[in-house]
Amino acid sequence: MTASATAPRDFSRERDRHNLTVNNGSEHHRMEPARRANCKQGAPMSRDETRIYNKNKFKLGLFGMNCRGGLSLTKAPERWDASWDNNVKAAQLADEAGLEFLLPIGRWHGYQGESDTQGTTFETIAWACGLLASTHDITTFGTLHVAFVNPVFAAKQMVTADHIGHGRFGLNVVSGWNPIEFGMMGVPLGDHDGRYDYAEEWLNIVNRVWSEDQPFDFDGHYYKLKAVLGKPKPWWDSRPILVSAGNSETGRDFAARNADCLFTTVPPTDEDLRGKLKYFRDAAPPGQLRNIFASCHLMVRRTRKEAEDYHHYIVHEQGDWEAADYAFKLRGSRINTWLKADEDKLKARLISGAGFPCIGSYDDAVETFKRLSSAGLDGLALGMINYVSDFPHIRDELLPRMERAGLREPLHHAATAAE
Ligand SMILES: Cc1cc2nc3c(=O)[nH]c(=O)nc-3n(C[C@H](O)[C@H](O)[C@H](O)COP(=O)(O)O)c2cc1C
């Protein structure tokens, strides 16, 4: 892959063009009344009114439940069994409680050991389709490694998901990093910036399929396409929400040109977090990055001691150190650039879970959320040991405390009730 061949796109123009297409496009025009008729009273009338864009100051989503073991490398018997029925249960719990989103992990090769976390996973677009059909209001993402799927095919898959969810689908665009996954697909990993360059061209094609009414030829660096056309168009008069999760300068600039929301990691201090959020926000045109979220694994209990004891059990009594060794070799240097811990601590951290650890009492957790919110973070993508049996900690303990702390508003049941 070579250095950037695609010029940055002007998204405001693209949005205008897209809106114009949709407003004037005969097919959309014809479909609008039918869509309106299908809508329940109080249902969103535009993508801006979907739940991920609600007024809650600190939003929450579930992260990684399409993968066996979720985010943690533990052998604890209660660890996440990512069966389809369990995924539906967790999604419905999150939807009914008012959580804003479901974010899957795009993973093709697991972390091995006895636990083999993320070794058994559902493909994320098919997963999103099933969950969008099983829920009412929650935004549901797919996560695609763009190098593994043809953009014209993917554009149609995503439109299908978007229609199933009546405009609640979003895409996490992943350029990829795992050499084993690229080897498995027979795709060269290439260099870091080249992967983003490829992602940009891929997304450019997808956006054109979503927005253009006439067949177009595409003569790019990676794709030469003829008479490209895709119908139907996305559900609303805008494309599905796009998110990305790069931390590098290239990843940031990619997000600044393409993303509506961003996922990142939480650095060690609040000052670092403020700096990081500014680094992302300053790069994007004003108002484009609607939300910046971080990933987090959550172990919360009534008291801090109970939570710490549970964490000790998950990591030191039931931890899968063989999997940790594998993950350390695969990812160790990438996490250590900012954690700067010794090998055993890093492995313990990998077992505990991906993303920022939130381990403590319910009050501790809400204090942490307040702190992150004050630093400018818009919410967290949460992993937990078991997304169904741990869910009451969120619904019954954290959400009411967050409402009292002014981080969230009570859920208006009319918007989500399964009538
Ligand atoms: C919340 C979050 C979710 C991510 N999800 C995935 C994923 O599902 N699959 C994947 O291969 N990489 C995933 N990543 C990794 C990113 O896509 C990206 O490769 C990584 O952050 C490094 O990007 P950078 O080199 O630009 O910093 C995720 C990262 C974050 C923070």
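Two residues count as being in contact here if their C-beta atoms, placed from the backbone, lie within 7 Å. Keep that in mind as you load the protein chain, which is a predicted model. Among its contacts between residues at least 6 apart in sequence, 77% join residues at least 24 apart.

Start with the whole chain in cartoon view. You'll find 14 helices and 11 strands, and 46% of the 419 residues count as buried.

The shell holds 20 residues, and Ala245, Gly246, Asn247, Gly251 and Phe263 are the closest. Color the shell by class and you get 13 polar, 6 nonpolar and 1 charged. Now show α8 (249-258) and β8 (261-264): each of them supplies at least two residues of that shell.

From there, move along to α9, residues 270-283. This helix has 14 residues and runs 20 Å from its first C-alpha to its last, close to the 20 Å expected at 1.5 Å a residue. Show side chains for Leu273, Lys276, Leu277 and Phe280, which are buried in α9. Turn the view until you look down the helix axis: the buried residues of α9 fall within an arc of 95°, so they line one face. Why would that happen? An α-helix has 3.6 residues a turn, so residues three or four places apart point the same way.

Methods: Residues numbered from 1 in each chain as written. Predicted model: local features only at pLDDT ≥ 70, side-chain atom pairs only at ≥ 80, totals over all residues. Near = placed C-beta within 6 Å. Helix = DSSP H or I, 4+ residues; strand = E, 2+ residues; numbered from the N terminus. Nonpolar A, V, L, I, M, F, W, Y, C, P; charged D, E, K, R; others polar. Buried ≥ 20, exposed ≤ 12 C-beta atoms within 10 Å, placed from the backbone. Expected span 1.5 Å × (residues − 1). Arc of directions from axis to C-beta.
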